[in-house]
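Hi,

Here is the structure I said I would pass on to you. Have a look at it first, and then read my notes below.

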Amino acid sequence: MNFEFTIKQQHVAEQAQAIARDLDLSDIGARDYAGQFSKALFKQVINAGVGLWLLPKSMQGDDLNASELCAGIESLAEHCEDSGLIFALSAHLCACIHPIRAFGSIEQKHQWLPKLSSEAWLGAHAITEQQAGSDIYGMTTRADKYDHGFILTGNKHYITNAPFCDFIVVHVRTADAGNYFDFSTFILDRQTPCVSVTQTPHSKSGLRTTAMGDITFSTCQLSDDALIGRLGAGAPIFQVSMEWERVCLFALYLGQMKRQLKKTVQFLSQRQQFGSKLAEFQAVQHQVSDMYSNYESARLLLYKAAWGLDRGDTSGVSSALAKLAVSQAAISNAQMAVQLHGAQGVLSGDIERMLRDAMPSAIFSGTTNVLKNNLSTSLFKRLQADWL
Ligand SMILES: Cc1cc2nc3c(=O)[nH]c(=O)nc-3n(C[C@H](O)[C@H](O)[C@H](O)COP(=O)(O)OP(=O)(O)OC[C@H]3O[C@@H](n4cnc5c(N)ncnc54)[C@H](O)[C@@H]3O)c2cc1C
């Protein structure tokens, strides 16, 4: 076994660090307060090289695998205080670009991927509906076949990047047989007639510098080439996108936790009470040890899941273990960091923002309860088969 980064992972992490350090984040406090996503910063990150990360080699891209993408996202989030920006970027990479790279036809790759790199087009990935949150296969948005394509009708809710997106990857119902093949995935230009998107982003407690909105499809005519993969292949495409989100997007929280640990240790080494540095109190040292241990164990699970993903494991087990561990660690460590900073921890700034930014991690890409349901089902099956 080898726990060291490969040369390519190291290179991507260093590239990400340099990109993050070049960002002007002087207005992060004001943008967080106002709930503003910065498309200018998104474009800067894409143009600085991230736009090539998932592009195939045949298109002069870096063609990163999951382990390499994790190294890049982790490093961006470690060196960039705007976690909302990295969240918007990661959702775009994992759930919008990866499905085109993995399942798109050659024509679709040539139609869409150059716009995403050279013009920095931003994607939205739409699954959730008002009545179909965790119960995702209860979705009612549908596309019905007609001679020259499909008619798309319905609503999607809580969609990251929707208010500023240039294109949409959407999962919809295309049959009513009551099985796994009832769903399909489409890609369309945001400017397609009959697509409307909330103009004012939803006001959230965390990840406020990411814009979230709702999308309405009012009898939209789509041509056949809007279909990604085959008709009825939406569920597996959706599952692979979720695997990439649960693993690679969550590397963002590893970077955030590392930034938090560094800031917390620095604060504890300077602040004095009762004539001693806070870092000298054993109770404080134990809290820092807990943070460190949470971070390291979550990181091991995440990179193990990425390693599995790169070897074709899309069983959902490793990704669920990683997502549960990382979200739990991110929330718990953020709470401890606030606590250890005393009043400083609740004043507006990176430390309190990291707590707000961590809270939704237990909800998106599969809630904690739903992933635990999936895990226990897999565990029982694996134990029955004497395979664990
Ligand atoms: C920041 C953020 C970004 C998001 N971005 C996107 C996006 O880009 N695209 C998109 O499509 N969606 C997005 N979502 C939506 C997200 O996927 C849903 O919020 C999530 O799937 C949960 O659905 P829900 O909110 O309707 O909660 P519900 O499904 O109503 O769940 C509410 C609670 O009930 C629990 N629960 C539900 N069913 C069960 C069960 N069977 N057993 C035990 N407990 C259960 C859940 O665990 C949860 O605690 C985003 C959400 C957030 C918070």
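A quick definition to start: helices (H or I, at least four residues) and strands (E, at least two) are DSSP runs, numbered from the N terminus. Residues are numbered from 1 along each chain as its sequence is written. Keep in mind that this is a predicted model: local features need pLDDT of at least 70, side-chain atom pairs count only at pLDDT 80 or more, and totals for chains, interfaces and linings use all residues.

UniProt, in an unreviewed entry, lists "Acyl-CoA dehydrogenase/oxidase N-terminal" at residues 8-118. (UniProt positions follow the numbering used here, feature names are shortened, and annotations may be inferred rather than shown by experiment.) That stretch is 70% helix and 0% strand, with its end C-alpha atoms 23 Å apart. The record also puts "Acyl-CoA dehydrogenase/oxidase C-terminal" (unreviewed entry too) at residues 232-378. Residues 232-378 are 76% helix and 3% strand, and the end C-alpha atoms lie 24 Å apart.

What about burial? A residue is buried if 20 or more other C-beta atoms lie within 10 Å of its own, exposed if 12 or fewer, and partly exposed in between, with C-beta atoms placed from the backbone. Of the 388 residues, 45% count as buried.

Which residues of helix H12 (residues 350-358) are buried? They are Ile351, Arg353, Met354, Leu355, Asp357 and Ala358. Among the elements covering them are helix H2 (28-34), helix H5 (83-103) and helix H8 (251-270). Covering here goes by contact, where two residues have C-beta atoms, placed from the backbone, within 7 Å.

Contacts also join H7 and H9: Glu243, Val247 and Cys248 in H7 meet Leu302, Ala305, Ala306 and Leu309 in H9.

Finally, find lysine 145 in strand E2 (residues 142-146). Lysine 145 counts as partly exposed because there are 14 C-beta neighbours inside 10 Å. Its C-alpha atom is 46 Å from that of isoleucine 28, 117 residues apart along the chain.

Cheers
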